[in-house]
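Here is a short report on one protein chain. Keep the structure in view as you read.

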Amino acid sequence: MQNYKLPLNKRRLQQRAQVETPDSVYWGRLAKPELLKEHNAIDYLDFSPSDPDNFAVTCSERVQIYNLVTKLLVRNLSRFKKTAYGATFRQDGQFLAAGDEEGHVKLFDSTRNIMRLFKGHTAPVHRTFFTADKLQLASFGDDKVVRLRDLANGKVVQTYKDTHTDYVRAGAMHPQAGHVFVSGGYDGKINLYDTRAKKAVQRTVDHGAPVESMLFLPNGSIFVSAGGNQVRLWDLINGCRLFTMMSQHHKTITCLRLGSDGRRLLSGGLDGKVKIYDMSTYRTVHTLTYPNAVRSLAVADGDKAVVAGMVDGQVSIRRMTADSKPSDLEKIREDLARNNFTSRKPTNNTQEGDPIIKDRVQEPKLISYDVHFLPFNCKEALDEVMHAQKMENQPELVVAVITDLLHRGSLEKALTGRREAELVRFIDFICNHLGEMRFVRPLLMAASRILDVLEQHLVGYSDKLMEALQRLSLAMQEEVRLTADLMRLKGALHMHMHALQIR
């Protein structure tokens, strides 16, 4: 009988591998992000229709146009006295309009000259959009007013007052009908306008949270609103009826964009995620992760690139690899189906009854921390995984060692007598990963053990260690609050299901 030590089992703590799908393959072709750095949060991003390699970045008191390939500054529109907002290209790329904090709307031509200066708003104008016929411009202001202006003579065509009771910071123009558009306000209301009708607002619906972004789908029959952590789709044909709702973000959704020729919807949020939805099933098919909260988003024509602007002033540019286009999704789907079919076929020619000789079982190779476990050197085993790089890149390995020490009853011994810097690093690791479901049970027990260690020598610790303990306390309080919220939600769901059964 063989007698050897089994290596530490860390596979049960690793995240499950994602299933390979056509969208994961397609969007996985996006290259590593290339970064541009601005001095303030990126308010808005927009690609030029006439020159698809150029995109406008609205940030602070200027609008800058960059080249997608060279990452060089093409034009700098700095004709703003205060903060600029929402620079948007017209459908032909010949003009660009932007609002500002003074309540003005400025119209630039292709040579960065100001063609027109529109006044009238008494508060900042955050969004401006051109109508489908390219003849008019809509502006949405913090003064709760929506204005429609004629580009040729600069006159106000329509003014919609008292249609919102809070800031109006979102809107969208119908892609085909130049007389139809929608506005979304921080009062949670969405208004549908028709400039031909005598009545100002044709329909009003409630999003349920401050509306941050809106857009129409290419056929114009459905419009999308984003606010809070929800994306809602409204059926324009059936009286703006709520069509479906998607809630995949943990924090506020700030921006919406269409990709893959309108077959995919992208939403960016303050949780640092960009969710990609299939518009035929309305399900999340892929997720892009960013290092900071996403404030704005733009997708180049043909999915050539995805550009995200963040609250720290970074602009992340992820370009699609060569020869990738939206039509590849169907080809990838066929290839995956063919490969799955092939993998199910038997790969050996062994007939029934043939003897199968298995290879001799080899003794598993032990890694350094496994070697330390053999003579019960618990402190040395913990030392092997307490390096900053392993704690950041291999948290499942650290938790696996902690779990083994807990089973042996030796974690307290392994933590006793350590320097304060090591204890602070251990506490910070618990705080950073306490919210992950796969780690929560062993890390709660580890937090209890380190408190037992510190309880013996509480006097004389430095401010850094006391601050780390304060962070641990806040992390534990957040877990308790989240658990209480989930229990209340569970109770509400049980009541709702019980009421449905009675009916």
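## Aspartate 278 and its neighbours

In this predicted model, the side chain of aspartate 278 makes a polar contact with the side chain of arginine 264, at 3.1 Å. A polar contact is a pair of N or O atoms within 3.5 Å; within protein, one must be able to donate a hydrogen and the other to accept it, and residues adjacent in sequence count only if both atoms are side-chain atoms.

Aspartate 278 lies in strand β24, residues 273-278. Strands are DSSP runs of E with at least two residues, helices are runs of H or I with at least four, and both are numbered from the N terminus. Aspartate 278 counts as buried because its relative accessibility is 10%. Buried means under 20% relative accessible area, exposed over 50%, and partly exposed in between, with a 1.4 Å probe and protein chains only. Leaving out residues up to four places away in sequence, aspartate 278 touches Arg263, Arg264, Arg283 and Val285. Contact here means heavy atoms within 4.5 Å.

## The sheet around β24

Four strands form an open antiparallel sheet, in the order β22-β23-β24-β25. Two strands pair if DSSP finds at least two bridges between them. The edge strands, β22 (253-259) and β25 (283-289), each pair on one side only.

Six bridges join β22 to β23, residues 264-269. Arginine 257 has leucine 266 in β23 as its bridge partner.

## Two nonpolar cores

The largest nonpolar core has 34 residues; Leu382, Ile402 and Phe426 are among those that touch the most other members. A nonpolar core is a set of buried Ala, Val, Leu, Ile, Met, Phe, Trp, Tyr and Cys residues joined through side-chain atoms within 4.5 Å. A second, separate core of 19 residues includes Tyr26, Leu288, Val299 and Val306.

## Arginine 116

Arginine 116 is found in strand β9, residues 114-118. Its relative accessibility is 29%, so arginine 116 counts as partly exposed. The side chain of arginine 116 reaches the backbone oxygen of alanine 152 at 2.4 Å.

The mean pLDDT is 84, and 87% of residues reach 70 or more. pLDDT is the predictor's confidence in each residue, from 0 to 100. Over residues 349-366 the pLDDT is below 50. Where pLDDT is low, the predicted coordinates should not be read in detail.

In this predicted model, local features need pLDDT of at least 70 and side-chain atom pairs count only at 80 or more, while totals for chains, interfaces and linings use all residues. Residues are numbered from 1 along each chain as its sequence is written, and side-chain values use heavy atoms, leaving out hydrogens and water.
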